[in-house]
Amino acid sequence: MDKFRIIGGKRLEGRVLISGAKNAALPAMAAALLTPERIALRNVPRVRDIATMRSLLEELGVDSSVAHEDHGNRIEIEARRLLNPLAPYELVKQMRASVLVLGPLLARFGNAQVSLPGGCAIGARPINLHIQGLEKLGAKIRIEHGYVHAETTGLKGALFAFDTISVTGTENLMMAATLAEGETVLENAAREPEVVDLASLLNKMGASVGGAGTETIRIRGVTSLHSATHEIIPDRIEAATFAVAAAITRGCLLIERAEPSHLSAVIAKLSEAGARFTPSTPTTEESGHSSLRVEGTPSLRPADVTTSEYPGFPTDLQAQYMALMTQAEGSSVITETIFENRYLHALELMRMGADIRVEGRHATVRGRTRLTGAKVQASDLRASASLVLAGLAADGETLVDRVYHIDRGYERIEEKLSRLGASIRRISED
Ligand code: EPU
């Protein structure tokens with residue numbers, strides 16, 4: 001298992017290019033199952049979850065090809081036929097987003113068997129809302145031997161109100177509804193930019209999806225969808241992670257190909273903590289893409305934060321923000337409202353010298369503490385990013401174990417950080 005060896009204390013400076021959003025690319029790949037024609041996706045990040053989704057498509061009998069482009073990969077998927085409507089446990093347990101194939105398989109082929117994902121390091125993460133919503137569209141669903149077995153002779157549009165906002169739940173139902181008969185209305189839908197990006201792809205494929213980005217999404221079903229080419233939006237969580245890297249090392253970064261409008265809550269909170277942001281005009285090379293300049297301050301201020309659904313402060317940045325708050329001059333309270341168990345990184349940060357008290361959904365971080373390098377272990381994707389950030393600010397050597405978690409969602413983070421002046425190296429152990 002690979003590790004990162006980090007020597008802390010270096011100020012980061014320079015330009016970093018943000019990759020395409022993993023959480024937009026995954027549903028886009030699943031959406032390709034809705035048509036026999038070719039879907040070409042550009043700016044797909046080179047991360048492990050994307051490879052896992054390709055393996056899942058292959059398992060279903062669907063061809064895909066990858067080409068290296070200047071920025072990100074181009075993935076082409078052609079779901080002419082389906083050999084097998086089954087998403088096996090072995091793949092679903094590696095990546096919960098595998099459940100995104102459920103809606104498209106059911107809508108196009110009338111049949112899907114998807115393993116239930118089981119437990120997860122950050123919370124229970126059930127998929128009851130995906131199931132209830134598909135039942136509302138007329139699917140017959142039973143759970144047997146750990147699998148969701150879903151069938152239909154034709155989905156019918158319906159009204160479905162989510163009682164909890166769910167990102168992949170909204171995406172699954174939105175995809176299923178594109179091929180249902182009549183109109184579907186999704187209420188209390190997720191408003192994340194990744195949901196909007198998926199709607200935009202579906203509309204390019206000939207679907208009729210309106211209201212994505214608001215809490216009510218209306219989908220008018222069509223009989224078939226067709227080929228499309230789509231560029232995936234920039235990864236707002238990767239951009240935000242680099243903004244925290246600038247703040248925690250008191251550095252100065254130009255974050256290129258970021259979309260500032262997707263980062264409003266993050267920019268507001270990091271500014272409260274003392275970081276300075278300036279939008280930057282695109283250079284010729286990156287024309288058409290926005291950038292963001294962020295500058296750290298020698299004296300970070302504590303700022304309480306509560307995670308919430310978009311447009312609120314993302315749960316996917318909570319762990320990284322906690323690392324930052326260990327370096328603020330005073331106490332801050334972090335409240336996690338999306339996942340009930342997303343504080344495993346706190347214990348590892350404490351091993352590096354952080355003063356954190358976790359009580360239920362609240363974590364009180366007392367700063368500023370001197371962080372010292374230690375051997376730490378990543379428990380999930382964002383927790384690993386938090387430990388890397390802490391390592392950049394710590395005295396001495398930090399060894400982050402189980403970096404396969406970070407490889408799931410960050411494209412070559414150690415190379416991007418090294419180019420900015422960080423001392424970080426991957427140690428491969430077979
Ligand atoms: N929930 C239910 N029932 C459901 C679905 C969700 O109770 O059927 C609950 C969850 O347990 C959770 C809340 O609703 O408490 C929100 O979960 P959501 O369904 O929105 O999460 P998700 O769709 O499984 C996506 C991202 C996550 C991100 C969350 C929240 C993808 C592929 N994953 O997960 O990303 O944390 O939304 O924003 O889009 C990550 O990238 O590190 C990551 C975990």
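Glu144 sits opposite Tyr147 in strand S9. That strand (residues 147-151) runs antiparallel to S8 (residues 140-144), and 5 bridges join the two. Strands here are DSSP runs of E with at least two residues, helices are runs of H or I with at least four, and both are numbered from the N terminus; two strands pair if DSSP finds at least two bridges between them. The S8 and S9 hairpin has 2 residues between its strands, and His145 takes a positive phi near 55° there.

A word on the model itself: it is predicted, with local features needing pLDDT of at least 70 and side-chain atom pairs counting only at pLDDT 80 or more, while totals for chains, interfaces and linings use all residues. Residues are numbered from 1 along each chain as its sequence is written, and side-chain values use heavy atoms, with hydrogens and water left out.

Turning to the aromatic rings, the structure holds 2 pairs. Phe160 and Phe162 have ring centres 5.0 Å apart and planes at 80°, so they make an edge-to-face pair. Rings of Phe, Tyr and Trp (its six-membered ring) pair if their centres lie within 6.5 Å, and the planes count as stacked when under 30 degrees apart, edge-to-face when over 60 and tilted for the rest. Phe160 is buried at a relative accessible area of 7%, and Phe162 is buried too, at 3%. Buried means under 20% relative accessible area, exposed over 50%, and partly exposed in between, using a 1.4 Å probe and protein chains only. The rings of Phe313 and Tyr321, with centres 5.4 Å apart and planes at 70°, are also edge-to-face, and both residues are buried.

Next come the nonpolar cores, which are sets of buried Ala, Val, Leu, Ile, Met, Phe, Trp, Tyr and Cys residues joined through side-chain atoms within 4.5 Å. The largest has 75 residues, and those touching the most other members include Leu34, Met53 and Met174. Helix H1 (residues 22-31) gives this core its largest share, 7 residues. Leaving aside residues up to four places away in sequence, Met174 touches Leu186, Leu202 and Ile219, among others, where contact means heavy atoms within 4.5 Å. A second, separate core of 69 residues includes Ile18 and Ala323.

Finally, there is the ligand. Among the residues that come nearest to it, out of 21 around it, are Asn128, Ser166 and Ile338; a residue counts as near if one of its heavy atoms lies within 4 Å. An N or O atom in the Asn128 side chain is 2.7 Å from a ligand nitrogen atom. Ligand oxygen atoms lie 2.7 Å from a polar side-chain atom of Ser166 and 2.6 Å from a polar backbone atom of Ile338.

How values were computed:
A polar contact is a pair of N or O atoms within 3.5 Å; within protein, one must be able to donate a hydrogen and the other to accept it, and residues adjacent in sequence count only if both atoms are side-chain atoms.
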